[in-house]
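Open the model in your viewer and keep the selection tool at hand. This tour goes stop by stop: select, look, move on.

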Amino acid sequence: MELKDLFLIFVGALTGFINTVAGGGSVIILPVLILYFGLPPTLANGTNRIGIFIQTIFSAWGFKSKGISPFVFGFSKSILVGIIALIGAIIGSKIALEIPDELFTKILSVVMIGVLILTLVKPKPPQLIKDNPKLAYILTLITFFFIGIYGGFIQAGTGLLLILALSVLNDLSLVKSNALKTIIVFIFTIGTISVFAMDDQINYKYGLLLGVGNAIGGWTASRWSVKKGDKAIQIFMVVAVILMAIKLWVF
């Protein structure tokens, strides 16, 4: 195994930790794959999905080992949320090349600032939604369809949006939102991998090496986040959003 392979595993572990606790780790790994490993942007985008897929398995396992079930809504309802996100993700993957990269990143940086504000404030769901779990679930399905489109387009920041939507619409703790996030990302990543694979836009060697690191980071982060609780996750999310917004806008 070459030194650069070990470096990829290390970066995977770092980004796997970030992705599991908050989100935004792909902002680190994509430039590494493009600039250091020489992959074209689309190939890097597809390759990253292999690591994410493996990471979600170990993250869910880590949450489960600490007594937090990833199926927060119950098995069938949690799976349905993931399937809705999967449909959106397939659409997002197919239009990944349609939007100019520079414009997209500028818009994304503004969105991330909005996520930061909502993360700090963490607004409570309106009383109408709190009193009507069915309405909250329907709104969650609709929201996750659009987050799925975004996640299919580019993975970076998807976890932040998922956690925010779950915690606001369903008044879930950040820890439980994080746990459910792993199942949703696991499901919709199946779709994105399929789309990128059919277009031959995945480097499987780098994807698997990245997956080894992502697995280590995801397992560690899931257990750590349960132990530390919501406050630690909120701090991590704030830092991740700020760095992500600066990276997208400036670079």
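Helices here are DSSP runs of H or I with at least four residues, numbered from the N terminus. With that in place, helix α4 covers residues 75–94, and I83 sits in it. Keep in mind that this is a predicted model.

**Whole chain**

Colour by secondary structure. The chain has eleven helices and zero strands. Along the sequence the pattern reads α-α-α-α-α-α-α-α-α-α-α. Now switch to a surface. The chain exposes about 11,200 Å², and 73% of that comes from carbon and sulfur atoms. Of the 251 residues, 55% count as buried.

Select L80, I83, I87, I91 and I95. Together they form a nonpolar patch on the surface, with about 360 Å² of accessible area. Look at I83. Patch members need over 30% relative accessible area.

Move to I91, also in helix α4. Its relative accessibility is 36%, which means that I91 is partly exposed too. Leaving aside residues up to four places away in sequence, I91 touches F145 and I149. The C-alpha atoms of I91 and Y150 lie 9.0 Å apart, although 59 residues separate the two along the chain.

**Stop: α4 against α7**

Show α4 together with helix α7, residues 133–153. How close do their axes come? They come within 6 Å and cross at roughly 35°. The crossing is right-handed.

Go to T56 in helix α3, residues 41–65. A relative accessible area of 3% puts T56 under the 20% cut-off, so this threonine is buried. What does T56 touch? Its partners include T182, V185 and F186, with residues up to four places away in sequence not counted.

Zoom out to the two helices. The axes of α3 and α9 come within 8 Å and cross at roughly 145°. The crossing is left-handed. From α3, select T42, N45, G46, R49, I50, I52, F53, T56, I57, S59, A60 and F63. They meet V175, N178, A179, T182, I183, V185, F186, T189, I190, T192, I193 and F196 in α9.

D200 has a positive phi of about 55°, although it is not a glycine. With a relative accessible area of 61%, above the 50% cut-off, D200 is exposed.

**Stop: the salt bridge**

Side chains of opposite charge can pair when their charged atoms come close. How many salt bridges does the structure hold? One. Select K205 and D5: their closest N and O atoms are 3.8 Å apart. K205 lies in helix α10 and D5 in helix α1 (residues 3–21), so the pair ties together parts that are 200 residues apart in sequence. Compare the cover on each partner. K205 is partly exposed, at 45% relative accessibility. D5 is buried, at 4%.

**Last stop: A215**

Stay in helix α10 and select A215. Its relative accessible area is 9%, so A215 counts as buried. Draw a distance to F17. The two C-alpha atoms are 8.8 Å apart, while the residues are 198 positions apart along the chain. Then show the neighbours of A215. With residues up to four places away in sequence left out, A215 touches I54, Q55 and F58.

Technical notes:
Residues numbered from 1 in each chain as written. Predicted model: local features only at pLDDT ≥ 70, side-chain atom pairs only at ≥ 80, totals over all residues. Heavy atoms only, no water. Patch = residues over 30% accessible without salt bridge, like charges linked within 9 Å, V, L, I, M, F, W, Y side chains within 5 Å. Areas by Shrake-Rupley, 256 points an atom, 1.4 Å probe, with all protein chains shown as cover. Salt bridge = Lys/Arg side-chain N within 4 Å of Asp/Glu carboxyl O. Buried < 20%, exposed > 50% of the residue type's maximum accessible area, 1.4 Å probe, protein only. Contact = heavy atoms within 4.5 Å. Axes fitted to C-alpha atoms, helices over the stretch in contact; angles between N-to-C directions. Left-handed = near helix turned anticlockwise from the far one by under 90°.
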